[in-house]
Structure formats: C-alpha cells, structure tokens
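These notebook entries record what I looked up in the structure. I took single residues and the ligand site in turn.

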Amino acid sequence: MKRVVLVTGGAGGIGRAVVETMAERGYQVVACDREEEKGRALVAELARAGYELSFLPCDVSKEEEVAAVIKAIEHDYGRLEILVNNAGIIRRRTGEEISVADWDAVFAVNARGPFLFCKYVTPIMKRQRWGRIVNISSVAAKTGDITSAPGYGPAKAALDCLTKTFARELAPYGVTVNAVAPHAIETEMSAQWSEEKRRSIIAAIPLGRLGTPREVAAAVAFLASEEASFITGAILDVNGGFLMV
Ligand SMILES: NC(=O)c1ccc[n+]([C@@H]2O[C@H](COP(=O)([O-])OP(=O)(O)OC[C@H]3O[C@@H](n4cnc5c(N)ncnc54)[C@H](O)[C@@H]3O)[C@@H](O)[C@H]2O)c1
C-alpha cells in the first residue's frame with residue numbers, strides 16, 4: 001500500500017517540487033495550499049503525466065481549515081504517514097517599518113501552521129506507530145534574515161524548536177520529526193530580490209549558484225524515507241555551503 005504524504009503549500013515553489021518528487025517515488029500525495037486554482041492546475045498537470053494525487057484548499061494558519069484537511073485525509077485514506085510542513089511567507093520590511101499585523105501573519109503561517117498540523121497528525125501517527133514529519137525551515141533561523149524580514153527568521157527559529165520538541169514527544173511512537181533548512185532557492189520567494197541582492201547572495205555561496213526546488217525536495221524525500229529511521233530532531237542544511245556550523 002502506498003504511503004500517504006501531505007505537503008502544505010504544495011501548489012508552488014519548493015512545495016510543488018516536493019509534490020512532484022514524492023509522486024515520482026511512488027507515494028500517494030495530497031497537496032494543500034491557499035492557492036486553489038494553482039493547486040488544481042498542478043493536480044491536472046500531474047494526472048496527464050500519469051500520477052494520481054489530490055488537492056485540498058487550506059490556509060494553514062487557520063485551525064478549522066487544518067482540522068478539515070486532516071479529517072478529509074482520514075476519511076479518504078484512513079492513514080497519513082508523512083507530513084511536510086512547507087507553506088511559508090515572508091514580509092520584507094525593516095524592524096522599524098513592519099506592522100505588527102504583518103509580523104503576526106509571518107508567525108501564523110511559518111510557526112502556528114506547522115504547529116497545528118503537528119498537533120492534528122499526532123494521534124494518527126501515534127496510532128500507526130510510524131510517521132515522518134519534515135518541516136521546511138530556513139538558514140534565517142540561525143543567521144537572522146539577511147533580506148530585512150524581522151518576523152521571518154524568528155518564526156523559523158520557533159519552527160526549529162518546534163521540530164525538536166515534537167521529535168522528543170513522538171520518538172517513543174516510531175515517529176521522526178526533522179527539518180530542512182534551505183537558503184537561496186530559485187522560487188517566487190527569491191524572485192523578489194533585486195539583481196544586486198541576488199549577486200551578493202550568490203557571491204556568499206561556496207557552490208556559486210542558487211539552489212533548485214528539486215534539490216530541497218530530495219532532502220525532504222530522504223528524511224521521509226525508511227532509510228532515515230535513526231534521524232530525529234535534526235535540521236538538515238541545504239544551502240550550497242553558505243553556512244557551515
Ligand atoms: N526560496 C527560498 O530561497 C527559501 C529559503 C529558505 C526557506 N524557504 C522556505 O521554503 C518554503 C517554501 O518556500 P518557496 O520559496 O517555495 O515559497 P513560494 O512563495 O514560492 O511558495 C510558498 C507556497 O506556500 C503557499 N502558502 C503561503 N501561505 C499559505 C497559507 N497560509 N496556507 C497555505 N498555503 C500557503 C503559497 O500559496 C505557495 O504555493 C517556505 O517555508 C519558505 O520559508 C525558502
């Protein structure tokens with residue numbers, strides 16, 4: 001029986017690459033995103049390529065929408081083996097300029113969303129006595145954000161700590177919880193950089209280029225696999241050598 005994987009923010013960027021990679025590797029993929037049209041278009045496109053997956057609209061920051069997604073998956077499949085908390089947003093303003101509402105919004109998507117999904121999948125994964133949770137963090141959790149986003153790095157740092165906290169709580173049930181921390185990946189999020197910013201970011205990366213969403217997805221697939229069974233509470237850097245600690 002195919003393992004069921006839920007990918008949040010699966011309609012675009014890194015999430016889309018995770019959806020494609022996991023479908024190609026034989027998983028039953030469920031994508032959710034607040035962008036319903038993009039999500040449905042992705043499902044149709046992958047269906048033409050021979051992959052059958054489903055899409056559920058969801059704003060990850062809203063508890064009732066998270067609960068509804070998990071209920072639908074339980075109803076349709078009766079199980080959920082893998083959760084990939086990928087949805088994320090950034091608001092680029094200085095600390096002085098950012099509104100409290102924007103700062104809260106960044107935390108709501110990047111930290112509360114993953115918390116909600118971890119909370120709602122916990123009883124399912126405990127019951128299965130098997131599960132994999134992979135959270136998409138960022139190098140900004142360790143360095144502070146280098147593009148002036150005072151909510152983003154702190155929210156990702158909270159996500160790293162959430163990862164370790166759930167890793168401890170769920171370890172006795174055969175559930176591993178890890179994070180992947182990318183830096184400078186070619187997506188809509190990074191397309192917001194000015195040309196000058198882009199050049200300076202690349203100059204600080206030993207591998208001398210931006211990363212691809214597929215390179216992040218490969219790390220996610222590894223942590224979600226059977227082979228990663230003795231890894232939990234880890235933050236795996238995918239950053240071209242930008243930060244070596
Ligand atoms: N691109 C990078 O360089 C980079 C670097 C480090 C970390 N990340 C992290 O990787 C993840 C994916 O980023 P990306 O670059 O692919 O971004 P992206 O903006 O290209 O895609 C993010 C996806 O999440 C969805 N999303 C946003 N808010 C949502 C919400 N409230 N509910 C449901 N879906 C929502 C969007 O609709 C979109 O499909 C994020 O967590 C981001 O913080 C990205």
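**Entry 1: Asn110**

I looked up the side-chain partners of Asn110 and found a polar contact of 3.2 Å between its side chain and that of Lys156. I note that the model is a predicted one. Asn110 belongs to helix H4, which covers residues 100–128. I then asked which backbone atom lies 2.8 Å from a polar atom of the Asn110 side chain. I found that this atom is the backbone oxygen of Val106. Is Asn110 buried or exposed? I record Asn110 as buried, because its relative accessibility is 0% and the cut-off for buried is under 20%.

**Entry 2: the ligand and its shell**

I next asked how many residues surround the ligand. The count is 26, and the closest are Asp33, Asn86, Tyr152, Ile185 and Thr187.

For Asn86, a backbone N or O atom is 2.7 Å from a ligand oxygen. For Ile14, the distance from a polar backbone atom to an oxygen of the ligand is 2.8 Å. For Gly12, the corresponding distance is 3.3 Å. How much of the ligand does the protein bury? I noted that the ligand taken alone exposes 820 Å², of which the protein buries 94%.

I also checked where the ligand sits, and the space it takes is the largest pocket. Which elements give two or more residues to the shell? I listed helix H1 (13–24), helix H6 (152–170) and helix H7 (188–191).

**Entry 3: two positive phi values**

I looked up backbone angles, bearing in mind that most residues other than glycine have a negative phi. Arg129 has a phi near 55 degrees, a positive value in a residue other than glycine. I located Arg129 in the loop that runs between H4 and strand E5 (131–136). With a relative accessible area of 52%, Arg129 counts as exposed, since the cut-off for exposed is over 50%.

For Ala184 I also noted a positive phi, near 55 degrees, in a residue other than glycine. Where is Ala184 found? I placed Ala184 in the loop between strand E6 (175–182) and H7. Ala184 is buried, because its relative accessible area is 7%.

**Entry 4: Thr147 and Arg92**

I turned to Thr147, which has its place in the loop between helix H5 (140–143) and H6. How far apart are Thr147 and Arg92 in space, C-alpha to C-alpha? I recorded 6.9 Å for this pair, while 55 residues separate Thr147 and Arg92 in sequence.

**Entry 5: Arg209 and Arg199**

My last entry concerns Arg209, in the loop between helix H8 (195–203) and helix H9 (213–224). Arg209 has a relative accessible area of 39% and is therefore partly exposed. I also looked up its separation from Arg199. Arg209 and Arg199 are 10 residues apart in sequence, and their C-alpha atoms are 9.4 Å apart in space.

How values were computed
Residues are numbered from 1 along each chain as its sequence is written. This is a predicted model: local features need pLDDT of at least 70, side-chain atom pairs count only at pLDDT 80 or more; totals for chains, interfaces and linings use all residues. Side-chain values use heavy atoms; hydrogens and water are left out. A residue is near a molecule or strand if one of its heavy atoms lies within 4 Å of it. A polar contact is a pair of N or O atoms within 3.5 Å; within protein, one must be able to donate a hydrogen and the other to accept it, and residues adjacent in sequence count only if both atoms are side-chain atoms. Accessible areas come from the Shrake-Rupley method with a 1.4 Å probe; for residues, only the protein chains shown count as cover. On a 1 Å grid over the protein atoms alone, a cavity is a set of points where a 1.4 Å probe fits but cannot get out, and a pocket is an open set with protein on both sides within 12 Å along at least five of seven lines; lining residues have an atom within 4 Å of a point. A molecule sits in a cavity or pocket if more than half of its atoms lie within 2 Å of its grid points. Helices (H or I, at least four residues) and strands (E, at least two) are DSSP runs, numbered from the N terminus. Buried means under 20% relative accessible area, exposed over 50%, partly exposed in between (1.4 Å probe, protein chains only).
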